Amino acid sequence: MKAIGYTQIGGPEVLTDITIEKPGAGPRDLIVQVKAISVNPVDTKVRKGAAPQDGQAKVIGYDAAGIVVEVGSEASLFKVGDEVFYCGTINRQGTNSEFHAVDERIVGRKPTSLSFAEAAALPLTALTAWELLFDRLRVPYGAKTLGGAILVINGAGGVGSILIQLARRLTGLTVIASTSRPETKDWVSKMGSHHVVNHRKALDVEVRALGINHVEYVAGLTDTDKHLSEIVEIIAPQGSLSLIDDGSLDIGKLKPKSVTVSWEMVFTRPLFETPDMIRQHQILNEVSALVDAGVLKTTMTTDFGPINADNLKKAHEHLETGKTIGKVVLNGFA
């Protein structure tokens, strides 16, 4: 089958078209014919830092939407012909291939109202945003009467784009998103942010200029370490900070306010096969239903064309500019 992989770490230029064997299905696996993929920052991090085994090509990619063509002997959630979307995991072959094996417990039913490309933009970021908001920050799901505010640092990226929607549509929080450019300000407003602040300025000063003295929740999506002193100032006593980036934090500065600090990593449940691993299946099905009901919208902004090495290189290069708005996708094998 066709796939895109690399034999040595490096820049986007190491990605190449390859031919590999079609995967077999484990007991709880689905074999999915991949129709569309999207690219995330983790793809570029793995490409630059995770060397393949000697003599082998490494296939990466995590988001996918496609059609089930085979089910494992113990799989019961899906049948052949079902349209699905999902985020794979870092310890298995990636989704940049014609066929992909994935545990059914982290797969959801594709929204019927979206194309495969539009659906592929959602899984990793939707799961990350949902887990960050409802599992890590512990914001009550669906409690529209809840007061308070959430500050989303870098709201125009993939996770921020869906996190803003979830917080605006499913909670009663005042949503404040940070951006730095006119086009990103327009985007986060379109996603549903109540207010927009500039993260090139002091965030605590920016938020207080809105007439908001503190925020109960902070979502650190990018450069959280660089904004820590501002977070210390603006976060409410006994507030909560959850982050997804890799910076080193001196969280002792948050001790006087008894702030809860947590990390969110979308791969934790499947990587450790936690007892609640099937929760990702449930979340994706909920996201799918919310999309079809018109509550949530796809965050796809750019379609780079067919799934091949040349187009994937362009997508990786685009992502590494740090100026991506929403999500970029590739659509169908040529």
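**Cavity, pocket and a loop glycine**

Tutor: Keeping in mind that this is a predicted model, the largest cavity has a volume of about 40 Å³.

Student: And how many cavities of 30 Å³ or more turn up in the whole structure?

Tutor: A search of the whole structure finds one cavity of 30 Å³ or more.

Student: Which residues line the largest cavity?

Tutor: Its lining is made up of Gly88, Thr89, Arg92, His100, Ala101, Val102, Asp103 and Ile106, and by class these residues divide into three nonpolar, three polar and two charged.

Student: OK, switching to the largest pocket: how much space lies in there?

Tutor: About 1400 Å³ of space lies in the largest pocket, and 49 residues line this pocket, with Pro41, Lys45, Asn154, Leu221 and Thr222 lying nearest its centre.

Student: Which elements give two or more residues to that lining?

Tutor: Those elements are α1 (41–49), α3 (123–136), α4 and β15 (327–331), and the largest share, six residues, comes from α1.

Student: What about the classes in the pocket lining?

Tutor: The lining of the largest pocket has 18 nonpolar, 17 polar and 14 charged residues.

Student: Now the loop: where is Gly172 found?

Tutor: Gly172 sits in the loop between α4 (158–170) and β9 (174–179).

Student: Why is Gly172 classed as partly exposed?

Tutor: Gly172 is called partly exposed because its relative accessible area is 25%, which lies between the 20% limit for buried and the 50% limit for exposed.

Student: And how far apart are Gly172 and Pro182?

Tutor: Gly172 and Pro182 are 10 residues apart in sequence, and their C-alpha atoms are 27 Å apart in space.

Note on methods
Residues numbered from 1 in each chain as written. Predicted model: local features only at pLDDT ≥ 70, side-chain atom pairs only at ≥ 80, totals over all residues. Heavy atoms only, no water. 1 Å grid on protein atoms, 1.4 Å probe; cavity = no way out; pocket = protein on both sides within 12 Å on 5 of 7 lines; lining within 4 Å. Points joined across faces, edges and corners; volume = space filled by probe spheres on them. Nonpolar A, V, L, I, M, F, W, Y, C, P; charged D, E, K, R; others polar. Helix = DSSP H or I, 4+ residues; strand = E, 2+ residues; numbered from the N terminus. Buried < 20%, exposed > 50% of the residue type's maximum accessible area, 1.4 Å probe, protein only.
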